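Subject: Structure for you to look through

Dear colleague,

I am handing over the structure below, and the notes that follow it go through what was found. Please have the view open while you read, so that each residue can be located as it comes up.

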Amino acid sequence: MSNLEEYMLYKDSILNYDIKKDIEILQSKYELEKTESSLKDLELKNQKNRIQFQIGVLIAISLIVIASILFYYLRKTNNLNKNLESSILVRNKLLSIIAHDLKTPISNINTLMLEIKNGSLNQLEQKMLLETLHQHTII
């Protein structure tokens, strides 16, 4: 082999070695970029999952708070209803007593008026009954 051929052979060998090295470097850079891109995607997914979890926790806490408030107002409403029912019973009892207490005097007044209307009382009896009635109605 001649020197020129040998020179060309070495030159090609060195050139191939340099090209091979460049290809390996490019391939390493590509793999690194691909890994970094994959890592960024995983970080974004992780961040998205964290945000979804936090939103879920906030929704759960909100629902618990709303349920607690509703429970509180339901209990308060039930207590108010019980108090109202008790007050209604007291009112009805009071009205019953008042009606009973008024029924007897009104009945007596009605009987007196009928007696006066029928003329079964003389003048003196009428005067005495009216004076008694007047005294009992003074407040």
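The charged side chains of the protein chain number 17 positive and 16 negative, and the centres of these two sets lie 16 Å apart. Please keep in mind throughout that this is a predicted model.

As to the overall form, the secondary structure of the protein chain consists of two helices and zero strands. Its C-alpha atoms fill a box of roughly 175 × 20 × 20 Å along the principal axes, and the radius of gyration is 54 Å, whereas a compact globule of 139 residues would have one near 14 Å. Of those 139 residues, 2% count as buried. The accessible surface of the protein chain amounts to about 13200 Å², and carbon and sulfur atoms account for 63% of that area.

Helix α1 covers residues 3-118, and Val 65 is found in it. With a relative accessibility of 45%, Val 65 counts as partly exposed, since that value falls between the 20% below which a residue is buried and the 50% above which it is exposed. From Val 65 to Leu 94 there are 29 residues in sequence, and the distance in space, C-alpha to C-alpha, is 43 Å.

Helix α2 is made up of residues 123-137, and Thr 132 has its place there. Thr 132 is partly exposed, its relative accessible area being 37%. Between Thr 132 and Val 65 the separation is 67 residues in sequence and 70 Å in space, again taken from C-alpha to C-alpha.

Gln 126 also lies in helix α2. Is Gln 126 buried or exposed? Its relative accessibility is 17%, and Gln 126 therefore counts as buried, the limit for that class being under 20%. When neighbours within four places in sequence are left aside, Gln 126 is in contact with Ile 116 and Leu 121.

Finally, a search of the whole structure for aromatic pairs finds one. In this pair the ring centres of Tyr 72 and Tyr 73 are 5.2 Å apart and the ring planes stand at 75°, so the arrangement is edge-to-face, a class that calls for planes over 60 degrees apart. Tyr 72 has a relative accessible area of 49% and is partly exposed, and Tyr 73, at 49% relative accessibility, likewise counts as partly exposed.

With kind regards

Methods: Residues numbered from 1 in each chain as written. Predicted model: local features only at pLDDT ≥ 70, side-chain atom pairs only at ≥ 80, totals over all residues. Heavy atoms only, no water. Helix = DSSP H or I, 4+ residues; strand = E, 2+ residues; numbered from the N terminus. Rg over C-alpha atoms; globule rule 2.2 N^0.38 Å. Buried < 20%, exposed > 50% of the residue type's maximum accessible area, 1.4 Å probe, protein only. Areas by Shrake-Rupley, 256 points an atom, 1.4 Å probe, with all protein chains shown as cover. Lys, Arg positive; Asp, Glu negative; His and termini not counted. Charge placed at Lys NZ, Arg CZ, Asp CG, Glu CD. Phe/Tyr/Trp six-rings, centres within 6.5 Å; stacked < 30°, edge-to-face > 60°. Contact = heavy atoms within 4.5 Å.
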